[in-house]
Amino acid sequence: MNLPDGYRVRDVDPEGDLVRVSQLLRACDEHDAGVSDASEAWLRDDWRSSSIKRAMVLETDDLDVVGYLSLDALDPTSMVTLYFPLAPTVRAALREPWTMFCAERVEELAGPEATRYAIVAAEEGAGPSLEALAYRFARVFWHMERSVDATYRAASPPEGVAIRPYDPDADDRLVWRLVEDSFAEHYGQEPQSWESWREDVLGSSTWDPALVRVAELDGEPVGVLIGQDTDGIGWIGDLGVVKRARGRGVGRALLEHGFATLAARGRTLVRLNVDSDNETGAAGLYQRAGMRVLRAFHCYERPGPGE
């Protein structure tokens, strides 16, 4: 590793590093976009998820955390996702060596045919250092939001469409299946087993059955919305409609019910993340529903040498 003297890298301590890594992520967000959603709850859930393969911190000799690395993969032989923010104060000095170090950790994990994905804030300026390592720009992901208030009401759903609450005694596997089927064609999506999904989603600190809605078309379950209420912000975590039911207003009905449920809790902002080139047209749906782009993240990718 060619980091300058005065810095070291170690595996994350899930207890001791929670606050310090959260503070780093907030500092990066606020510098880059003027807004931050960094959450200790989300970070804790990330570190216990089945997909996390390694999490590391870059710190100074004075124990200041100035960099963070997470490597995620449901199956390291097919894809690995790299997230590696750096504190703004050290980017000029450490961008290239930190990118090289993180890319080397990907290679230790990924199989020869795995696609390597790197996600970076658009403003962070990490693109050239990734391109020097044969990564190529692939997509833009949008972070979107809209305001709501207690007067918000969902419109009546289209004919044949019904939105119902989640039944915790009967719907666990149904919701997993709807998520898997709805997102099967999405960019970078990997199938997730029921056991893994149950651990990651039902076992997360942000799982709230009261914020889950199931959509039915002519009595058949065809869509799902999983909401979150985190640090005073409402979130649309997952919203998916199976392919055969698209174009019938199911997605818009789910979205509006999500807005209404979060507004009823007193939330005034609702946010979500979406692939701007989403194959189902989800980004356009969100814009038509009054959401605006708050910030962007760039995805770079590199195929493995076995492809």
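F183 touches Q189, D238, L239 and G240, leaving aside residues up to four places away in sequence; contact means heavy atoms within 4.5 Å. The model is predicted: local features need pLDDT of at least 70, side-chain atom pairs count only at pLDDT 80 or more, and totals for chains, interfaces and linings use all residues. Numbering runs from 1 along each chain as its sequence is written, and side-chain values use heavy atoms, with hydrogens and water left out.

**F183**

- F183 sits in the loop between α5 (172-182) and α6 (194-202). Helices (H or I, at least four residues) and strands (E, at least two) are DSSP runs, numbered from the N terminus.
- F183 counts as buried because its relative accessibility is 13%. Buried means under 20% relative accessible area, exposed over 50%, and partly exposed in between (1.4 Å probe, protein chains only).
- F183 and G34 are 149 residues apart in sequence and 31 Å apart in space, C-alpha to C-alpha.

**The sheet**

- An open sheet is formed by 12 strands, in the order β1-β2-β3-β4-β5-β12-β6-β11-β10-β9-β8-β7, with mixed pairing. Two strands pair if DSSP finds at least two bridges between them.
- β1 (7-11) and β7 stand at the edges; each has a single partner strand, so one side of each lacks a neighbour in the sheet.
- From one strand to the next, the twist averages 25°. Axes are lines fitted to C-alpha atoms, for helices over the stretch in contact, and angles run from 0 to 180 degrees between N-to-C directions.
- β1 and strand β2 (residues 52-60) run antiparallel, joined by five bridges. Here D11 stands opposite M56 in β2.
- α1 packs on the sheet and touches β1, β2, β3 (65-72), β4 (79-83), β5 and β12. The direction of α1 makes about 100° with that of β3.
- Helix α7 (residues 250-264) also packs on the sheet, touching β6 (136-147), β7, β8, β9, β10 (233-241) and β11 (269-275). Its direction makes about 160° with that of β10.
- β5 and β12 pair in the antiparallel sense over six bridges. R116 has R302 in β12 as its bridge partner.
- β6 and β12 run antiparallel and are joined by nine bridges. The bridge partner of M144 in β12 is V293.

- Strand β8 (residues 212-217) is mostly covered, with six of its six residues buried.
- In a regular strand the side chains alternate between the two faces of the sheet.
- In β8, V212, V214 and E216 point one way, while R213, A215 and L217 point the other way; all are buried.
- Strand β7 (residues 161-165) runs antiparallel to β8, and five bridges join them. P165 has R213 in β8 as its bridge partner.
- β8 and strand β9 (residues 220-230) also run antiparallel, with six bridges between them. L217 stands opposite E220 in β9.
- The hairpin of β8 and β9 has two residues between the strands, and D218 takes a positive phi near 55° there.

**A162**

- A162 lies in strand β7. It counts as partly exposed because its relative accessibility is 35%.
- A162 touches V214, A215 and E216, not counting residues up to four places away in sequence.
- A162 and L74 are 88 residues apart in sequence and 33 Å apart in space, C-alpha to C-alpha.

**The cavity**

- The structure holds one cavity of 30 Å³ or more. On a 1 Å grid over the protein atoms alone, a cavity is a set of points where a 1.4 Å probe fits but cannot get out; lining residues have an atom within 4 Å of a point.
- The largest cavity holds about 50 Å³ of space. Grid points are joined across faces, edges and corners, and a volume is the space filled by probe spheres set on the points.
- Its lining consists of C28, D29, D32, Y83, P85, R91, V120, A121, E124, R295 and F297.
- α1 (18-33), β5 (115-121) and β12 (292-302) are the elements that give two or more residues to this lining. The largest share, three residues, comes from α1.
- By class, the lining has six nonpolar, no polar and five charged residues. Ala, Val, Leu, Ile, Met, Phe, Trp, Tyr, Cys and Pro count as nonpolar, Asp, Glu, Lys and Arg as charged, and the others, Gly among them, as polar.

How values were computed: 1 Å grid on protein atoms, 1.4 Å probe; cavity = no way out; pocket = protein on both sides within 12 Å on 5 of 7 lines; lining within 4 Å.
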